[in-house]
Structure formats: structure tokens, C-alpha cells
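Student: I have a structure to study. Can we look at how its helices pack?

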Amino acid sequence: MNRILEYVMMAGGLVLLVGVVLKMFAPDIAPVIYLAGALSYFAGQIPRRYDGDSMVIRRLHGQQVLGAFFLVLSAVLMYAEKWRPSIVMNTEMPEGLHRILVSLTAPNSWIVFMAIAAVFELYSSLRIGYELKKEENIK
């Protein structure tokens with residue numbers, strides 16, 4: 001099962017990369033491909049478990065899941081850029097909600113959430129490796 005999850009996450013990561021590159025060349029299909037990669041990466045991240053006693057590793061795993069969620073959120077925002085003109089022109093919704101939606105659908109706002117996800121994923125993966133090695137040395 002772990003092997004399958006690793007392959008799902010690797011494939012999701014590659015599809016994410018393809019989706020980002022396609023955003024430059026084929027912006028209409030890029031959000032769909034990026035979303036497929038983000039969902040497969042998220043699906044591979046959720047069932048991973050740590051059965052040890054270290055609270056640090058458990059917290060870092062939670063950060064990885066949160067990073068994967070931010071990847072899905074960035075995919076949704078990438079797709080939502082298409083809706084920006086209709087959101088901007090809609091004057092019937094409450095002003096607070098209107099401001100939030102206009103700012104979230106700003107061009108390239110998805111990049112911010114993708115960068116946050118990348119920082120979470122990178123930091124967590126590096127620290128988990130370090131903590132697991134430290135845990136092995138203690139035993």
C-alpha cells in the first residue's frame with residue numbers, strides 16, 4: 001500500500017508540474033490538469049501515517065497535509081480566474097464577500113497559495129527526515 005501511495009504522489013507531483021507549465025501555453029486546460037495533480041497528491045498524502053511517539057513528526061505530517069490542501073486550493077483559484085469578470089461586475093452580493101472574491105480571483109493569486117504549499121511541503125519533508133534519523137539514533 002505504501003508503494004502505491006508513493007507512486008500516486010509522484011505522479012501527482014509530475015502532473016502538477018505539467019499543469020503549471022501548461023498555464024503559460026494552454027491556459028484553458030492547465031487548471032484542470034493542475035487540479036488533477038493536486039488531488040492525486042492530496043489523496044496520496046492523507047492516508048500516510050506515522051505510528052511512532054514523536055509529536056514533532058506528527059505535527060510535521062499535519063503540515064504536509066495542510067500543504068497538500070493549499071495545492072488543491074491553488075488549483076481552485078487557478079480555475080476561478082475565469083470567473084473574475086462576472087464576480088467583478090456582480091453588484092448584488094454583499095460588499096464584504098464581493099471584496100474577498102475579487103481579491104481571491106485576482107490574476108495569478110493562485111501562485112501565492114502554491115508558494116505557501118511548497119514551503120510547507122519542503123520544510124516538513126526535510127524536518128521529518130531529520131527527526132526520523134534522530135529517532136533511529138536514540139533507539
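Tutor: Keep in mind that this model is predicted. Start with the buried residues of α6, which pack against other helices.

Student: Which helices do the buried residues of α6 pack against?

Tutor: First find the buried residues: W110, F113, A117, E121, S124, I128 and E131. Then look for their partners. These are α1 (2–25), α2, α3 and α5 (95–104).

Student: What span does α6 reach from its first C-alpha to its last?

Tutor: α6 has 29 residues. At 1.5 Å a residue, the expected value is 42 Å. The model is close to that, and α6 reaches 42 Å.

Student: Are α3 and α6 roughly parallel or roughly antiparallel?

Tutor: Their axes come within 8 Å and cross at roughly 160°. Angles over 145 degrees count as roughly antiparallel. Therefore α3 and α6 are roughly antiparallel.

Student: How many charged residues does the contact of α3 with α6 have?

Tutor: Sort the contact by class. There are 19 nonpolar and seven polar residues. The charged residues number five.

Student: At what angle do the axes of α2 and α3 cross?

Tutor: Take α2 as residues 30–45 and α3 as residues 55–80. Their axes come within 9 Å, and the crossing angle is roughly 165°.

Student: Is the crossing of α2 and α3 left-handed or right-handed?

Tutor: Find the two helices in the view. Residues in contact include Y34 and F42 in α2, and F69 and M78 in α3. The crossing of α2 and α3 is left-handed.

Key. Residues numbered from 1 in each chain as written. Predicted model: local features only at pLDDT ≥ 70, side-chain atom pairs only at ≥ 80, totals over all residues. Heavy atoms only, no water. Axes fitted to C-alpha atoms, helices over the stretch in contact; angles between N-to-C directions. Helix = DSSP H or I, 4+ residues; strand = E, 2+ residues; numbered from the N terminus. Left-handed = near helix turned anticlockwise from the far one by under 90°. Contact = heavy atoms within 4.5 Å. Parallel < 35°, antiparallel > 145°, perpendicular 65-115°, else oblique. Nonpolar A, V, L, I, M, F, W, Y, C, P; charged D, E, K, R; others polar. Expected span 1.5 Å × (residues − 1). Buried < 20%, exposed > 50% of the residue type's maximum accessible area, 1.4 Å probe, protein only.
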